[in-house]
Amino acid sequence: MKKYISIVASISFILLSFICCQQPKEKVDSRYPNGGSELAWLMRGATDQMEAQRSAILKGESLSNISLDVGHILTAVPTEEGKTATKDYQQKAEMFIKHVAQQKEIPLKGQMEFFNNTVSLCVNCHETQCPGPNVRIKKLYLDKI
């Protein structure tokens, strides 16, 4: 009986050690193998949402069901510490949040212009803050139909 208890205790210890020592894994996506900060993931999610909006506009559908989730753009942890603490970033982020909040009020006819203005706000901020994504962001622009 002692041998049985010893084996069960050993197995339990090994399993408990394995479970406790596991580090939480960083969010990883095959499109972004290097991971990223909270702010980077927020921006990637916003880009995916804007691609869905772009597709809806091209189909003549309303954007009312596809909102941008950027509410914590001012508090998300950036890749580079202090990057979001600048006055320029804070002002542009606040302006972006206010702009996005107006989306549901825009009639279907004005959604293309509103969408292109949203893209422009992204481009303008990224020109000074983090220019790398601008190549992808600029591809979101809609031509006048």
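Biologist: Which residues does H126 touch, not counting residues up to four places away in sequence?

Modeller: In this predicted model, H126 touches M43, P131, P133, N134 and I137, once residues up to four places away in sequence are set aside. H126 itself is found in helix α4.

Biologist: Is H126 buried or exposed, and how should I read such a label?

Modeller: The label follows from relative accessible area, and buried means under 20%. H126 has a value of 10%, so this residue is buried.

Biologist: Which residues in α3 and α4 meet?

Modeller: On the α3 side they are D88, Y89, K92, M95, F96 and H99. On the α4 side they are F114, N117, T118, L121, C122, N124, C125, T128 and Q129. By class, this contact of α3 with α4 has seven nonpolar, six polar and two charged residues. N124, described above as partly exposed, is among the α4 residues that meet α3.

Biologist: Where is K104 placed, and is K104 buried or exposed?

Modeller: K104 is in the loop between α3 (87-101) and α4 (111-129). The limit for exposed is over 50%, and K104, at 58% relative accessibility, therefore counts as exposed.

Biologist: With which residues is K104 in contact, leaving aside its neighbours within four places in sequence?

Modeller: K104 is in contact with S64 and S67. The C-alpha atoms of K104 and N65 are separated by 8.8 Å, while the two residues are 39 residues apart along the chain.

Biologist: What does Q53 touch, not counting residues up to four places away in sequence?

Modeller: Q53 is found in helix α2 (residues 38-58) and touches L63, I66, S67, L68, Q103 and F115. With a relative accessible area of 2%, Q53 is buried. S67 is one of the residues that Q53 touches, and S67 is also in contact with K104.

Biologist: What is found at the ring of W41, and how many aromatic pairs are there?

Modeller: Such features are read from the position of a ring centre. The charged end of R44 sits over the ring of W41, 4.7 Å from its centre. The count of aromatic pairs comes to zero.

Biologist: How many helices and strands are there in the chain?

Modeller: The chain has five helices and zero strands, and its elements run α-α-α-α-α from the N terminus on. Buried residues make up 30% of the 145 residues. Among contacts between residues at least 6 apart in sequence, 59% join residues at least 24 apart.

Definitions and conventions. Residues numbered from 1 in each chain as written. Predicted model: local features only at pLDDT ≥ 70, side-chain atom pairs only at ≥ 80, totals over all residues. Heavy atoms only, no water. Helix = DSSP H or I, 4+ residues; strand = E, 2+ residues; numbered from the N terminus. Buried < 20%, exposed > 50% of the residue type's maximum accessible area, 1.4 Å probe, protein only. Contact = heavy atoms within 4.5 Å. Phe/Tyr/Trp six-rings, centres within 6.5 Å; stacked < 30°, edge-to-face > 60°. Lys NZ or Arg CZ within 6 Å of the ring centre and 35° of its normal. Nonpolar A, V, L, I, M, F, W, Y, C, P; charged D, E, K, R; others polar.
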